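Q: I am new to this structure and would like a close look at a single part of it. Please keep the answer brisk.

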Amino acid sequence: MILRLATCLAALCAATASHADSLPKPGDYYLISRDHAGKFLGSHKLFKNESDDLKQVTYCGNEYFVRDSSVAWTELEAEFGHVVHVEFNFGKGWRPICANPEREVTLADIGVSLDAREVLAGVSTAPSTASRLATIGAMFRTSVFEDSKSGLGM
């Protein structure tokens, strides 16, 4: 039982640490949506390294790796009339480096046939961070329940 508890806690710590890694740092690139007055509305991170759930794209001649949901989000933000740029965090603020990324890369360009709304609603088969955390939580609840049934409860 202690081994199961330790395993669950380690998984939870890893998930929390990965969330902390998602905070913007100098040198990061993001898709950023703003209103016409320049007020920040939302963002999605662009990655410089390949990963299983990312697709390679090119915005304004620069290569990045991006999630399907990020491309869907740019399409909807543009549809809502928001201004979307690729922006670079230079440590003292954000510098726009590419305008209208929604015109450069579409869902069809990365092989996704779903509508942007469907992608953002989770119709895609890629697991989300929330579903990974739910799985970890369920694993913990199941372990405690099974152990209490066998008389080894906490």
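Leaving aside its neighbours within four places in sequence, which residues is E102 in contact with?

A: E102 is in contact with T74, E75, A78 and V84, once neighbours within four places in sequence are left aside. Contact here means heavy atoms within 4.5 Å.

First, the ground rules. This is a predicted model, in which local features need pLDDT of at least 70 and side-chain atom pairs count only at pLDDT 80 or more, while totals for chains, interfaces and linings use all residues. Residues are numbered from 1 along each chain as its sequence is written, and side-chain values use heavy atoms, with hydrogens and water left out.

Now to E102 itself. E102 lies in helix α3, residues 101-104. Helices (H or I, at least four residues) and strands (E, at least two) are DSSP runs, numbered from the N terminus. E102 is buried, yet has no salt bridge. Buried means under 20% relative accessible area, exposed means over 50%, and partly exposed lies in between (1.4 Å probe, protein chains only). A salt bridge needs a side-chain nitrogen of Lys or Arg within 4 Å of a carboxyl oxygen of Asp or Glu. For E102, the nearest side chain of opposite charge is R103, 4.2 Å away. On charge, Lys and Arg count as positive, Asp and Glu as negative; His and the chain ends are not counted.

N100 is found in the loop between β6 (94-99) and α3. N100 has a positive phi of about 55 degrees, although it is not a glycine. Most residues other than glycine have a negative phi. N100 is partly exposed, at 28% relative accessible area.

Among the contacts of E102 is T74, and T74 is one of the buried residues of α2. Helix α2 covers residues 68-79, 12 residues in number. At 1.5 Å a residue, α2 should span 16 Å, and its end C-alpha atoms are 17 Å apart, which agrees. The expected span is 1.5 Å times one less than the number of residues. The buried residues of α2 also include D68, V71, A72 and W73. Just after α2, G81 takes a positive phi of about 90 degrees.

A nonpolar core is a set of buried Ala, Val, Leu, Ile, Met, Phe, Trp, Tyr and Cys residues joined through side-chain atoms within 4.5 Å. The largest one has 19 residues, and L46, Y59 and L107 have the most contacts inside it. The elements giving two or more residues to this core are β1 (29-34), β3, β4, α2 and α4. Its largest share, 4 residues, comes from α2. Nonpolar side chains tend to be buried together in soluble globular proteins.

Not counting residues up to four places away in sequence, L107 touches D68, V71, A72 and E75, among others. E75 is also among the contacts of E102.

I110 is buried, with a relative accessible area of 10%. With residues up to four places away not counted, I110 touches K55, V57, D68, V71 and V105. The C-alpha atoms of I110 and Q56 are separated by 8.0 Å, though the two are 54 residues apart along the chain.

Now the charged pairs. The whole structure holds 5 salt bridges. Side chains of opposite charge can pair when their charged atoms come close. D68 forms a salt bridge with K55, the closest N and O atoms being 3.0 Å apart. D68 lies in helix α2 and K55 in strand β3, so this pair ties together parts that are 13 residues apart in sequence. D68 is buried, at 17% relative accessible area, whereas K55 is partly exposed at 28%.

The side chains of R117 and E79 also meet in a salt bridge, 2.5 Å from N to O. R117 lies in helix α4 and E79 in helix α2, so the pair ties together parts that are 38 residues apart in sequence. R117 is partly exposed, at 42% relative accessibility.

R67 forms a salt bridge with D53, with 3.5 Å between the closest N and O atoms. R67 lies in the loop between β4 and α2, and D53 in the loop between β2 (40-46) and β3, so this pair ties together parts that are 14 residues apart in sequence.
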